[in-house]
Amino acid sequence: LHDWAPGRHGWHDRFRVLKRWQLLDGSYAELLKRNGPPLAALSPPELQPIVRYLLAKTPDSRKAQRLQAQLAFGERTPQQLSAAIDLWQEEVRLRPNNLPAWGQLVDALIEAGRGEVALKLLEEAAQKPAIAPATTVELAIQKARVLDALGQTAAAEEANQQALRLAPESAAAQLAMAVFLIRHGQTDQANSYIEAAKRLAASPADVLVDLAAAYEQAGQVDQAVASLQEAIALAPKQRTAYARLAAIYRSNQQDAAAVEVLEQGAQVGALAAADYAALGDTYQALGKADQAQAVYQAAVDQFPGDPAGYLALGRHLMNAEDIAGAQAVFQAGLAAIPGDASLLDGLAQLAMQDPAAMATLGAALEQQGLEDAAAYLSLSQSQLQAGNPAGAEAILKQGIEQVAQPASLWLALGKLYADEKRVQEAE
């Protein structure tokens, strides 16, 4: 814990010391209390730097590797979804009363189109004697979500009603019913459940953020904006509220309003590196390149353990044709976060723009000592997508030399040669 340096999601950001003792050997022992929610309840952007740290310290941790796969930004690949499902299924098997884990598992199964599997797991869990009353309510809520995703609206509503019968004073059950009704265009009927959820919740701001997502999905943008504004008024450091509100403004071509929201969040210390990157992008859209670069640099300075700032600054410099500057930024990022795939991909993109940078990428790959074939496959694929087969070939060859089991890299190289009509080399 003490290795988590300030500004890098330090241990003191997640824990506070309740009591400290000096031991006979001169060392210290501490009793810590967690400041925030458990890891399973954090969003992917919040979890990313923590999991990267765990991977750097314990590279052989299977659980950390699988969680990293699950945390990829944007749409998850089938492999990432499979890793996520395996991870959370194992978690609920070992700790069946881990409520956030059930939500993560159901999210992944719905996304993978495996709703029937989710339904079976939830129904089996509800019959187990070790299930706590709060978990029984959560299982009913998750069952309603699955049934709704499967198009069984009446059954979904009944599952939500069951959760309310089990625990009428549960903020989660009240919120689930409100979200269900909003999704189905019954906003007026949802109001009583919304007020109950806000009254019962430990954090009404979190309820408002979840409601905003439901409103947005239902196309009620004004309601979503109002909910997020109320969330920020109630909890000025609610990071997700700033990020979502700015995203809504940007998607509706209200860039100046997005800047105002993110600047407000920055002033109270509520933003993460990804939010600073979004602020810089918004300045860029407004034609304010100098302000954008300053914000990207602030992301690097304030969050040196998060690649989002380095990526944003590096790509900004690439667009400005400052190749040397971009190269220095990506190298600095890799020095701070060894082996980060997104930063290596940034160097790969730089090599597409300036072939001379390919040598830098090769040196970086060698220096990082990557032993994961998937990283080389991903980098080579990005080179191919950019129309640079020579770059892809160089990366695959380097991976073959570095990786202990390079069979997948040999296959990729053979396919590349076949696609290039280099038949003899492909064989």
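Predicted model: local features only at pLDDT ≥ 70, side-chain atom pairs only at ≥ 80, totals over all residues.
Q: What's in the largest nonpolar core, and which residues have the most contacts inside it?
A: The core has 111 residues, and Leu 105, Leu 211 and Phe 330 have the most contacts inside it. A nonpolar core here is a set of buried Ala, Val, Leu, Ile, Met, Phe, Trp, Tyr and Cys residues joined through side-chain atoms within 4.5 Å. Buried means under 20% relative accessible area, exposed over 50%, and partly exposed in between (1.4 Å probe, protein chains only).

Q: Which helix gives the most to this core?
A: Helix 9, residues 171–183, with 9 residues. Helices (H or I, at least four residues) are DSSP runs, numbered from the N terminus.

Q: And what is Phe 330 in contact with, leaving aside neighbours within four places in sequence?
A: Its partners include Tyr 310, Leu 311, Met 318, Leu 343, Leu 347 and Leu 350. Gly 314, Arg 315 and Gly 346 are in contact with Phe 330 too. Contact means heavy atoms within 4.5 Å.

Q: What does pLDDT average over the chain?
A: It averages 84, and 79% of the residues score at least 70. pLDDT is the predictor's confidence in each residue, from 0 to 100.

Q: Where does it stay under 50?
A: Over residues 1–13, for which the model has 29 contacts beyond four places in sequence.

Q: Switching to charges: how many salt bridges are there in the whole structure?
A: A search finds 11. A salt bridge is a side-chain nitrogen of Lys or Arg within 4 Å of a carboxyl oxygen of Asp or Glu.

Q: Which residue does Asp 148 pair with?
A: Arg 183, at 3.2 Å from N to O. That links distant parts of the chain, with Asp 148 in helix 7 and Arg 183 in helix 9, 35 residues apart.

Q: Is Asp 148 buried or exposed?
A: Asp 148 counts as buried at 12% relative accessibility, whereas Arg 183 is partly exposed at 39%.

Q: What about Lys 198, which residue does it bridge to?
A: Glu 230, with the closest N and O atoms 3.0 Å apart. Lys 198 sits in helix 10 (residues 187–200) and Glu 230 in helix 12 (residues 221–234), 32 residues apart.

Q: Which residues make up the network there?
A: Glu 195, Lys 198 and Glu 230, joined by salt bridges that share partners.

Methods: Residues numbered from 1 in each chain as written. Heavy atoms only, no water. Helix = DSSP H or I, 4+ residues; strand = E, 2+ residues; numbered from the N terminus.
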